[in-house]
Amino acid sequence: MVPSRRLLLKHLAFRAGTIAPLGGLISTAPDGTVEVGWPEVVMRARRLAAGLLARGLRAGERVGTLAFNDHRHADAYFAVPCLGATLHPINVRWNLQETSTVLEHTRDRILFVDAGLMTRGLELAATCPWIEYIVRFGPPLDDEPDNPRPDTLEIIDHETLLDAAEPIAAWPDLEEDALMGMCSTSGTTGIPKTVAYSHRTTCLQTMALGLTDCMRLSGRDTVLAIVPMFHALGWCFPYACGMLGAGLVLPHRDLRPERILDLITDHGVTTSVAVPTVWNAVLAALDANPGRWNLDHVDRVVSGGAAPTEGMIRRFRDEHGVEVIHSWGMTEINPVGTMSPAATTREEAGFEPDRRLRHQTVAGRPLPGLAVEIVDEEGLPLPHDGTTTGRLLVSGWWVAEDYAFDHPDGDRFGPDGRLDTGDVASIDDRGRMAIRDRAKDMIKSGGEWISSLALERAIGDFPEIEGCAVVGRPDDRWGERPVVFASLHEGASLDVETVRDRLDHDFESWQRPDELLIIDSIPLTSTGKIDKKTLRAGLRT
Ligand code: AMP
């Protein structure tokens, strides 16, 4: 195939430079807010490419980033893959051991590090002798530690690297299957699972993100990308905005809800993407400060990575005129799998608003190119009737074939290209998928399954609740019984009897929790999901 026909990021991600010269990135790092127009984004990528080539970058090598969402991280997102190397964003919230475990495999020689994360970057350099260059995003902070290996590790300022060489004239022609990126997610075993993405899979995913029935993304949008670029390739939003010419606001580290709302107001944001915990916090900030922010220009926001409650979706719609599009995905699938806008078919457009809203509470339809199915414990297909639940298998254009490095969970990838997601789901007769739980989070009581997710969604809408999580406590009689952990709004109180009474309508008595533990806040994982491992450990002590 001639190179111009290949699915390569260089053909797609720089389009904004030509079609939307007046749009671009707004990057709000602590060292200053900068606006970088799309033509300048393209030029910076070319300059960075030249700087990296001068440091001996080879095709196929992994280049790490330890950074928040800002324009410098975007430089690396564009330059590294288009040069034929593999971009390796590292989760900044991981501990030293998890991060070094991943680096043992990926062996990044060049590491881009945010100025505020240099302590970690240099700790890594002290234990990983193969790191030759640390490229610092932003000016050094006063407390930056000394270089632990001054003879073998060079610390370079990012802008100096960009300024040092003439921009490259052209991007190389690569094969579609060349690996463009690699991301890791936490494994239940504690060993991170690393997934590789190719130019082909990322181009197809990016194209799908730009479809109207996905999230109606267009060049007219200004997107606030809250989902971190260090997790699951930032959901490919830098590439999608680069493809369409949409404005992209990069919030860096400070994700307090008040700041998110300031950014939305100040930059005329029309849409944004984040996990439900962020959107719940945003709602609480709006409640606490009536009239402070203007959301008139916000059309829709995407909530993904964990399940939103119906109440949250309803409140955004009724009180702020914002549609919440629910999305499901995972690192193993590049990463977006489904989207659930309020109405995508003619039939749904005719539904009354509350019926449409119910559709938004489920994960939605798979994007074109992805197939979903549910199977029983023997692997036999189950009906798509909207109520039968089974293990969710996915296959398609951007589903990984295996983990990039040997992992005990590698058997989730079937030889036939089907991935066992580890989620439990139902699918209805219109192809809408609803996540019922993580298989490992289901609670087995008296031989019957209880969905922790269903309880969390119901309890999460109680007015007293700030956050909640349901886990199974080992029980001599029943095997397991559901326990609710809840953090309450200031001044609120709640007891387990009230919880049980209010769940009376939707849950059988045996499905309702018989214990409520009030805690200060619900522990979250590095990607903003409920950290059930920590909660379960707390139950045992
Ligand atoms: P990760 O690869 O770390 O992003 O985690 C992927 C997992 O997050 C999925 O397998 C689901 O268990 C969970 N997840 C993602 N999106 C949703 C959603 N919309 N509802 C419920 N769980 C979700």
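Student: Which residue caps the N-terminal end of α4?
Tutor: Asn95 does, with a side-chain oxygen 3.1 Å from the backbone nitrogen of Gln97. A polar contact is a pair of N or O atoms within 3.5 Å; within protein, one must be able to donate a hydrogen and the other to accept it, and residues adjacent in sequence count only if both atoms are side-chain atoms. Helices (H or I, at least four residues) and strands (E, at least two) are DSSP runs, numbered from the N terminus.

Student: What kind of model is this, and how are residues numbered?
Tutor: It is a predicted model, in which local features need pLDDT of at least 70 and side-chain atom pairs count only at pLDDT 80 or more, while totals for chains, interfaces and linings use all residues. Residues are numbered from 1 along each chain as its sequence is written, and side-chain values use heavy atoms, with hydrogens and water left out.

Student: Back to α4, then. Which of its residues are buried?
Tutor: In α4, residues 96-106, the buried ones are Thr99, Ser100, Val102, Leu103 and Thr106. Buried means under 20% relative accessible area, exposed means over 50%, and partly exposed lies in between (1.4 Å probe, protein chains only).

Student: Why do they line one face of the helix?
Tutor: Seen down the axis of α4, the buried residues fall within an arc of 160°, so they line one face. The arc is that of the directions from the helix axis to the C-beta atoms.

Student: What do they pack against?
Tutor: The buried residues of α4 pack against β3 (62-66), β4 (86-89), α5 (118-127), β8 (179-185) and β9 (193-198). Contact here means heavy atoms within 4.5 Å.

Student: And α5: which residues are buried there?
Tutor: Met118, Gly121, Leu122, Leu124 and Ala125. They cover an arc of only 155° around the axis, which puts them on the same side of α5. Their cover includes β3, α4, β5 (110-114), β6 (133-137) and β7 (154-157).

Student: What follows α4?
Tutor: Arg107 follows, and its phi is positive, near 55°. Arg107 is a residue other than glycine and lies in the loop between α4 and β5. Its relative accessible area of 43% makes it partly exposed.

Student: Where does Asn334 lie, and is it buried or exposed?
Tutor: Asn334 lies in the loop between β14 and β15 and is buried, with a relative accessible area of 0%. Its phi is near 75°, again a positive value in a residue other than glycine. The peptide bond from Asn334 to Pro335 is cis, with omega near -5°. Pro335 is in the loop between β14 and β15 (336-340).

Student: New topic, the ligand. How many residues surround it?
Tutor: The ligand is surrounded by 15 residues, the closest being Thr185, Thr331, Asp423, Arg438 and Lys529. A residue is near a molecule or strand if one of its heavy atoms lies within 4 Å of it.

Student: How do the residues of that shell divide by type?
Tutor: Five are nonpolar, seven polar and three charged. Ala, Val, Leu, Ile, Met, Phe, Trp, Tyr, Cys and Pro count as nonpolar, Asp, Glu, Lys and Arg as charged, and the others, Gly among them, as polar.

Student: Which strands each supply at least two residues of the shell?
Tutor: β14 (323-329) and β20 (433-438) do. The largest share, four residues, comes from β14.

Student: What lies 2.7 Å from an oxygen atom of the ligand?
Tutor: An N or O atom in the side chain of Arg438 does. A ligand oxygen is also 3.1 Å from an N or O atom in the side chain of His231, and a ligand nitrogen is 2.8 Å from a polar backbone atom of Ser327. The protein covers 88% of the 500 Å² of accessible area that the ligand has on its own. Accessible areas come from the Shrake-Rupley method with a 1.4 Å probe; for residues, only the protein chains shown count as cover.

Student: Is His199 buried or exposed?
Tutor: His199 is buried, with a relative accessible area of 1%. It is found in helix α7 (residues 199-209). A polar atom of the His199 side chain lies 3.2 Å from the backbone oxygen of Pro81.

Student: Where is His267 placed?
Tutor: His267 is in the loop between α10 (257-266) and β12 (271-274), and it is partly exposed, at 22% relative accessible area. Not counting residues up to four places away in sequence, His267 touches Ile26, Thr28, Thr222 and Val249.
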